[in-house]
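Let's take a look at this model together.

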Amino acid sequence: MKRRLSVVLLVAACAPIVGCAPAATTASTPVHTAKVDLPPSYQFVPAAIQVEPGTTVTWTNHDNFTHSVQVQGQNEVHMMRPGETAQIRFDQQGTCSYVCTLHTQNMRGTIVVAAGA
Ligand SMILES: [Cu+2]
C-alpha cells in the first residue's frame, strides 16, 4: 500500500505560524483594518491585523529609515523608503506572518485572512 503525503501545506499560500511565537506584547487581538503604518521607529502599527480574502493591505512608511515587508513563504521583498508605501493582496484564508527584512528582530507582524471578518 502506498502512503499518500499530505499536500495541504504545499497548496496553502500562507502557512500557519508554527513554532514562531511573537513577542508577548504584540500577540494581541488582530485589528480589523487594511492599513499598517510604520511610525518612528522600527515598528508595524498595528502589528496584528485581520482582513477578508481579496483584500489589498497597504503599508506606509512614516519612519525616517528604509523598511520592507516580506510575507513568510514568499520570495518577494517590498522595500519602502521613507514616505513610500507597499501593497500586497491576500486572497487565501489563513494566518500570514511577515517581517521587515532589514530589522527582523524588531519588526514583525501578522495578518489573519478570514471570510466574514
Ligand atoms: Cu525595518
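## Terms and source

Two strands are said to pair if DSSP finds at least two bridges between them. Helices (H or I, at least four residues) and strands (E, at least two) are DSSP runs, numbered from the N terminus.

This is a predicted model, in which local features need pLDDT of at least 70, side-chain atom pairs count only at pLDDT 80 or more, and totals for chains, interfaces and linings use all residues. Residue numbers start from 1 along each chain as its sequence is written.

## The chain as a whole

The protein chain has 1 helix and 9 strands, and its pattern along the sequence reads α-β-β-β-β-β-β-β-β-β.

Of its 117 residues, 24% are buried; that term asks for 20 or more other C-beta atoms within 10 Å of the residue's own, with exposed meaning 12 or fewer, partly exposed in between, and C-beta atoms placed from the backbone. Two residues are in contact if their C-beta atoms, placed from the backbone, lie within 7 Å. Among contacts between residues at least 6 apart in sequence, 51% join residues at least 24 apart.

## Strand E2 and its partner

Strand E2 (residues 35-38) pairs with strand E4 (residues 55-61) in the parallel sense, over 4 bridges. Here Val-36 stands opposite Trp-59 of E4. Val-36 and Leu-38 form the covered face of E2, while Lys-35 and Asp-37 form the uncovered one.

Gln-50 has Val-112 in E9 as its bridge partner.
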